[in-house]
Amino acid sequence: MSLESFQQLNWSIMTPEFLILGVIAILVLMDLFMPKHMDRKMIGWIGIVAILAAMVATASMVGGPVESILHDTFRIDSFALAFKLLLLGGGALVLFLAVSYEPKDGVERYQAEFYYLFMTALLGAMLMTSSGDLITLYIGLELLSIPSYILAGIRKFHSQSNESAMKYVINGSISSAITLFGMSYVYGLTGTTNLLDMASKLATLSDSNHVYLLTLAFLMIVVGLGFKLAAAPFHMWAPDVYQGAPTPVTAFLSVVSKTAGFVIVIRILLTVFGFAATDGQGSIPILYNMQNYLAVIAAATMIIGNVVALKQTDIKRLFAYSSIAHAGYLLVAFTALTPNMFYSIWFYLLAYLLMNLGAFAIIQVVTEKAGSTKITEFAGLYRRSPVLAVSMGILLISLAGFPGTAGFIGKLNIFLGALYAEPGHYLLASIMIAATVVSYFYYFGIMTQIFFRPAADNSKFNIPFGIVVVLLVAVVGSVLFGILPNIAFDFLQNNLDIIADFFK
Amino acid sequence: MVNLTKLYAVGGQITRIVHEWCLTPIDTHLKRGFDKMENAWLIPLFPLLSFLLLLLIGKRLKEASAYVGILMTLASLVFSILVLLERFSEPTYLYRFDWLTIGEMHLTAGFEVNQLNALMLFIVSLVSFLVHTYSKGYMHGDERFHVFYAYLGLFTFAMLGLVISPNILQTYIFWELVGLGSFLLIGFYYYKEEAKAAAKKAFIMTRIGDVGLLIGMILLFWQTNSFEYSEIFKAVEAGAISNTMITLTAILIFIGAIGKSGQFPLHTWLPDAMEGPTPVSALIHAATMVAAGVYLVAALFPLFLASKTALMTVAVIGGFTAIFAASIGLVQTDIKRVLAYSTVSQLGYMMLALGSAGYVAGVFHLMTHAFFKALLFLAAGSVIHAVHTQNIEEMGGLWKKLKFTAPLFLIGTLAISGVPGLSGFFSKDEILVAAWEGGHPVLFLLALIAAFMTAFYMFRLFFMVFTGENRGKQTHVHESPSTMTLPMLLLGILAVVAGYVNTPWFGSFLGDWLTDGNPVLGHGHIEGPAWIMAAATIVSLAGILLAYLIYGKRSIAPDWLSGKGDMLHTVLYNKYYIDEFYQMTVVAFVTGFSYLLRFIDVFIVEGIIKGVTGIIQGLGKLGSKMQTGQVQTYGAVAFVGLAVLVVIYALTGGYLR
């Protein structure tokens, strides 16, 4: 490619990514040249500003046409924009948590790295939303994963944090290897890495041996990406990693990383396997043929996540299982494959982002103060800080899917989708309901601690500014989208025609 | 970016309405009568405001918080009365707007004032107002006084919102919110282990029922493409839903009602819920929330009517619960538990009425029961307030000391026992007629026996508490303050007179009004044979007589507690003989039967529940045991998972569908 044609590419569609990348570079240099004693928090604030700017840049592209550069390795469609906005929103809230994170054994020494590693991981996630090619998808995935490994272990002198990072690296590598192996089959059968080219080539597939191989590839990609989603039975790393990692990192893994996982799952599975025929042109695609496998994974994820959560005594582990369960609900939406799937998943991820990050904000404040992550540290929170207690109460009922909250609308959508699908997934829908009932036990267990137990000590909390911001956004959002969910749906439906754009 | 225009439009509209309203001269307002029904949506907002206010400034107001709550519920009450009065002459008012649009789905929200809703608004806001007033005295001195009032506000808001919902989704939302309010209030004395356990149990058990409701509701939506009551009824009438589907959805929705209204087998939470403060028991667990299940069945009555099986299910569950709970009530010694089982039993009556197509009878009894049961609970609260115990074995002879509470309690007892002339008599008679005319002779008989038991255990309670000698150790027994006695007085009056709105003698005003314009709901009054009323009177009086002979008379004997009874010294041999006879036969049988049912209750019903939770807990334990912390295990499990998926695929050739 000549320099001239290189310059003629429409680079402006990468503005959000360039913004983040540029600021990361500046922050690295700042960190290097800043005097040692200076407070590194400033770096975090600059990061937040950069993310918000990237959000504005992304939002300004909403409503525009589908654009792609570099042979579809980077594309802007409604899907990319919708999920990029979620990722950026989540990323900004996580950074707010991070600037307020001051554990007793200190991460001050690495505080600056903390911020730009977050942003690097976020950049990886953003790339994934905009990729129409296996190579960039994989690069995005690794760009997200590698900084996450480091982040999990950033509390260098904290043995749990080290253990957490080690486990994450090993499990992450296994998953990457499996995914890559599966991808290699797909590449081998089509000779291209471009997703849409693959789709058109596979749409007329009729050789049953090829179908067989491709289905094996499908299973491997599902399993490999299942790690990222923490779907059962590939979820086992999650509780250990979540528990050991610093709280903002846990929040990041459970929200941003999981959202990115769903992005890549939808991109690959829907584009490639949604078209790959099983028996000549016009036959049922592999993805539909394999719906039952996805349903089994979804059901197992919901059951294991919710049931094992009952036995947890550590709040971060409990939230690890809770986030596994939420991945299960989301998988139900993906399994159902209704036309409303994008909306259901997007809205659920939005609701989940708000309620989970809000809950982690409170977990961070409470566990930092107590120096322990036991659930009993929440006892009597209502007396110590009514504001935190009521906020946590609202977020918990939203997580449990209680009417009047965003979590309820999200679950209702998914549930209706599962019944509306042709053929309806009644069993899966019933399991989802039963799993939700089980989840009430542990969410309300925390509520009981907060409202009905006496406090061990009556010291009050200082709520840092960053936490206040996160809580405000999370609580207001959870209630607002619970009462007026149309705000979000109208925005999506009026501006982003995801289905039409997706295959362009 | 975000579609804010709609939001602005709504905001603008509200501003305009308020502006116009303020500018209109006062006499125009008066002439227009303020369009009460169109503004019925304000009724739930008063208690919500009370909740929010108390949340913010309750701590500073301390016990003055009560005034906020009382004033706000008074506003709701006044408004509800106006709406009720207007509804007598005006047609049903329905307002709705698009709430949520996803693809093809349109969900609406709004409010509806029909006869049932208007009546419920009145009942709920009245009882809530009285309980707010009563609590001022009852909760006096509690450290978290303002929190109590805040929770009461939240509950009242949810309950009032529930009864004006025009669609089942909105009903469900408030239904859950009501449950949350109940959860918070049952667990109000959080330092008591039992209260905590009861709160959790109540919440989870009603949730089990709610799952049925949710599934039924979504199936209905799937069939009719709407959550609206009116649309659903239209579809049912037009035969757009298959009969099996109607039966299935009706029964699923009824499961929700079973959970909320404490019907067998999901009733065990209700007696436990008595761990909450007594005013809460009166408001939530006697008059309003537990009646929501009955309300739900009544609100969806045309759906139930369309399925014989569903109606039969409702009638059988209701009839069985009525006698089942009544018999357990015979042997309880905790004053509130007796009342709790009595509530379960009376709710069973209402379900029996609805299941026998006696719409008016069910709703009528809902109303009268709300009054006399709230009265009984408040009076019981007054007794507990005075003697600081709930055990009736430690009471006795309180008639002279509680000069105000005792007669009121007696009125409530007479009303619930179905003594002629009081409200309970008329509504219970309607139910018995409905059961008989509905073609359920067995259920009718059960209901009649349950009526006998009700009269018996209620008077057993009355005699043990108020007559005889004081068996307790309390010395300073005193009457409650007027904030507590006045609400009781008002309820006492209602417990006497409320029945006269629908009697076979003076016309069935309530029934005619309730069914006006809705012929599908049945007639305002079902004509029944005259002997039913006579039979009801006889069993009721017989129950009272038996209770008197056993507990009223025997309590005179000095060795009452030893239970032998100094029978030889009783004046009349004949009487002794009857006593003995009853003791040997009826009472022994009933007690045995009651213990049997209690056994079923404890070991089978609770056992199943414990079994299910046990399995889930066991699974959880297994799952956490698998979590060894060893990364090799995790990798291995994942590989096994992959291998299993591949093997299944290889074996089935990928056509496992």
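**Notes on a two-chain predicted model**

1. L337(A) sits in the loop between helix 14 (315-336) and helix 15 of chain A; helices here are DSSP runs (H or I) of at least four residues, strands are E runs of at least two, and both are numbered from the N terminus. Its phi is near 50 degrees, a positive value in a residue other than glycine. L337(A) counts as partly exposed because it has 19 C-beta neighbours inside 10 Å. For this and later points, buried means 20 or more other C-beta atoms within 10 Å of a residue's own, exposed means 12 or fewer, and partly exposed is in between, with C-beta atoms placed from the backbone.

2. A word on reading the model, which is predicted: local features need pLDDT of at least 70 and side-chain atom pairs count only at pLDDT 80 or more, while totals for chains, interfaces and linings use all residues. Residues are numbered from 1 along each chain as its sequence is written, and chains are lettered from A and ligands numbered from 1 in the order in which they are written.

3. A357(B) is also worth a look: it is not a glycine, yet its phi is positive, at about 65 degrees. A357(B) lies in the loop between helix 16 and helix 17 (359-387) of chain B, and it is buried, with 23 other C-beta atoms within 10 Å.

4. Helix 16 of chain B is mostly covered, with 20 of its 21 residues buried.

5. How many residues does each chain bring to the contact between A and B? Chain A gives 53 residues and chain B gives 49, where contact means C-beta atoms, placed from the backbone, within 7 Å. On the chain B side, the elements supplying at least two residues each include strand 1 (93-102), helix 7 (168-186) and helix 24 (573-626). Helix 8 of chain B has the largest share of that side, eleven residues. By type, the chain B side has 29 nonpolar, 13 polar and seven charged residues; Ala, Val, Leu, Ile, Met, Phe, Trp, Tyr, Cys and Pro count as nonpolar, Asp, Glu, Lys and Arg as charged, and the others, Gly among them, as polar.

6. The largest nonpolar core holds 431 residues, and F118(A) and A447(B) touch the most other members. Such a core is a set of buried Ala, Val, Leu, Ile, Met, Phe, Trp, Tyr and Cys residues joined through C-beta atoms within 7 Å. Helix 15 (residues 341-370) of chain A gives the most to this core, 22 residues. Beyond neighbours within four places in sequence, F118(A) is in contact with V94(A), L95(A), A98(A), L151(A) and F252(A).

7. Please check the peptide bond between A232(A) and P233(A): it is cis, with omega about 0 degrees. P233(A) is in the loop between helix 9 (208-229) and helix 10 (237-244) of chain A.

8. Where does K460(A) lie? K460(A) is in the loop between helix 19 (426-452) and helix 20 (465-483) of chain A. K460(A) counts as exposed, since it has 9 C-beta neighbours inside 10 Å. Not counting residues up to four places away in sequence, K460(A) touches R384(A) and S385(A).

Key. Contact = placed C-beta atoms within 7 Å.
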